[in-house]
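Here is a brief report on the structure shown below. Keep the sequence at hand while reading.

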Amino acid sequence: MHPLLASRARLGAYLLGWAPIALLLTGIARSQGWSWVEASMLAVPLCLVAAFLFLSAWFLCRALPLGRQVEALGSHGAAWGLAAVLMGGIWAGLAWLLARILAWIPGLGALPQRVDLALPVLTGVGILLYLASVALSYLMLAQDRALEAERRGAELQLLAQESELKALRAQLNPHFLFNSLNSLSALTAVDPARAREMCVLLSDFLRRSLGLGERRLVALREELDLARAYLAIEQIRFGARLKLDWRIDPAAEPALLPTLLLQPLVENAIKHGIAALPDGGTLLVAADIVEGHVTLRVENPADLEAPAPQGLGLGLRQVRQRLLGRFGSRARFEAGVQQDVHRVTLVFPLETEP
Amino acid sequence: MKALIIDDEDLARAVVREHLAAHPDVEVAAECANGFEALKAAAQYQPDLIFLDIQMPKLDGFEVLELLEAEGKRPAVVFVTAYDQHALRAFEAHAVDYLLKPFSKERFDAALAKARALHAAQPAPPPAAELAAAARQGRPLERIVVKDGPKVTVIHLERLDWVQAQDDYVLLRTEGKNLLKQQTLASLEGQLDPARFIRIHRSYLLNLDRLVRVEQDTKEHRDAILRDGTRLPVSRAGYQRLRELWEGA
């Protein structure tokens, strides 16, 4: 289907574009001594006919795409010329017919004679107008192609993000897993009940992280549940070195966010905060709602003797990219050390499952 | 036989202790939750054997071993770690045993037997720096540990300005201080990132980040001018290396 016929707005704009041409034709006819009535009665319907007749240029253009090769221009040019002459001729013929029909109207009796005289000029104008339609059609085709390429690009990006997410899921931190199993191995001898509890926690964590991978968006509640399962295990590993502080506004829990966004943050907080400090410290996870936006915060004590990290690590970069990929400029990502606290803050609009 | 168990996790130490209970001739002299405690306990108890975790806060296992070595202590070592096993395979070539967490009783006993045999045979154990380099698998060093009297200093490479060769030692310039470490400049150079630290002279390695410009004094003599105004000599070969780096960039 022709793109101009597919949308009322586009068709309207296109027809409006023909109004000045009709005006121009009327003016030319007047200058040749036609009366106002004669000139406008012929020019307006004739332009309307041309508007629809010359839409056919689009189909010709689609069949003859403009390539990069200059050689094709010769055969294309011949086709355009032939079509233009044909259409110009048909159009002039229609003018001839229209003049004879309008001659029935009293006062327009001189029209057939006037049109006969103007037939060469009308044919020429028709050819020019058709060639202009050809140019317009190529413009529209190019625009459509650009839009299509943009859409395909966005689709590809989406695919890339999805595969990245898949890789993320597969990336179950082996260090965490083996250390947990080692703690479990220790507990079986000293505290069998605790060992069983740890088995359950570990299974819970694995099941949740495997399940989350199926979806692109999850409620914050589920991300928090996963983090709780993970931190309960780390709590057994680190004992008194790890203190947990949860400050969650229940109203933030249904907020939707990209899957596995919180998990890398808490893993980072353990790895670079708690595990890097002999005495550990407090890991804070906070979620609030401020002015329709969710503020999600993860804090851990920082090792002040180590130099401040230059830029973001790969994990944080991925989190930022995925957050901004989902919410664009409506979201904000901040990470940095203040005093002796490393803080990562995500701010994103509160959107919930419909 | 006196042993130390060095691991920052209580439960991880508990497993080793539990397995050692079956070997009454091995006495656990102390358990240490970090590298500094380990150095103190080693000075106090002179252990024959240490069970050593690799990833620990402040000082990692390799750094602990290196500092023990600097004090002339060479206990038998069993690495106990959840570290990447590919990295540790390199240890087999160095006749050092390791236990991957979690491990079985059989595996533990085998590691202990190997450590005992090595200890009895008294071969020269491989230098800690060599082991650490093998485990890093070509990745450059990120920090340097120096024993300065009783004090241990960890120098993060961002804070290292330049290094000067002084016979068997290197002088490390960091945050306005000079620290001495027993190591040759060539061996240190081999461990550092060649894109960050440049050998500008037979006796100098420079942190490229500190360099402001190179001045030509006389026809044959050039000086590197650093951010704090320090001048270091640049040899012809050193200047060539700098130019290659600039032209490559």
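## A hairpin in chain B

In this predicted model, strands S9(B) and S10(B) make a hairpin, with 2 residues between them. Glu175(B) sits in that turn and has a positive phi of about 45 degrees. S10(B) covers residues 177–182 of chain B. S9(B) and S10(B) run antiparallel and are joined by 6 bridges. Thr174(B) faces Lys177(B), a residue of S10(B).

Gln166(B) has Tyr169(B) in S9(B) as its bridge partner.

S8(B) and S9(B) form a hairpin too, again with 2 residues between the strands. Here the turn holds Asp167(B), whose phi is positive, at about 50 degrees.

## Confidence

How far does the predictor trust chain B? Its mean pLDDT is 88. Of its residues, 94% score at least 70. Among the elements of chain B, strand S2 (residues 27–32) has the highest mean pLDDT, at 96. Helix H4 (residues 85–92) of chain B has the lowest, at 68.

For the model, ipTM is 0.79 and pTM is 0.67.

## Chain A in outline

Chain A has 354 residues, of which 28% count as buried. Its secondary structure consists of 11 helices and 7 strands. Consider the contacts in chain A with a separation of 6 or more: 71% of them link residues 24 or more positions apart.

Conventions
Residues numbered from 1 in each chain as written. Chains lettered and ligands numbered in written order. Predicted model: local features only at pLDDT ≥ 70, side-chain atom pairs only at ≥ 80, totals over all residues. pLDDT = per-residue confidence, 0-100. Helix = DSSP H or I, 4+ residues; strand = E, 2+ residues; numbered from the N terminus. Pairing = 2+ DSSP bridges. Buried ≥ 20, exposed ≤ 12 C-beta atoms within 10 Å, placed from the backbone. Contact = placed C-beta atoms within 7 Å.
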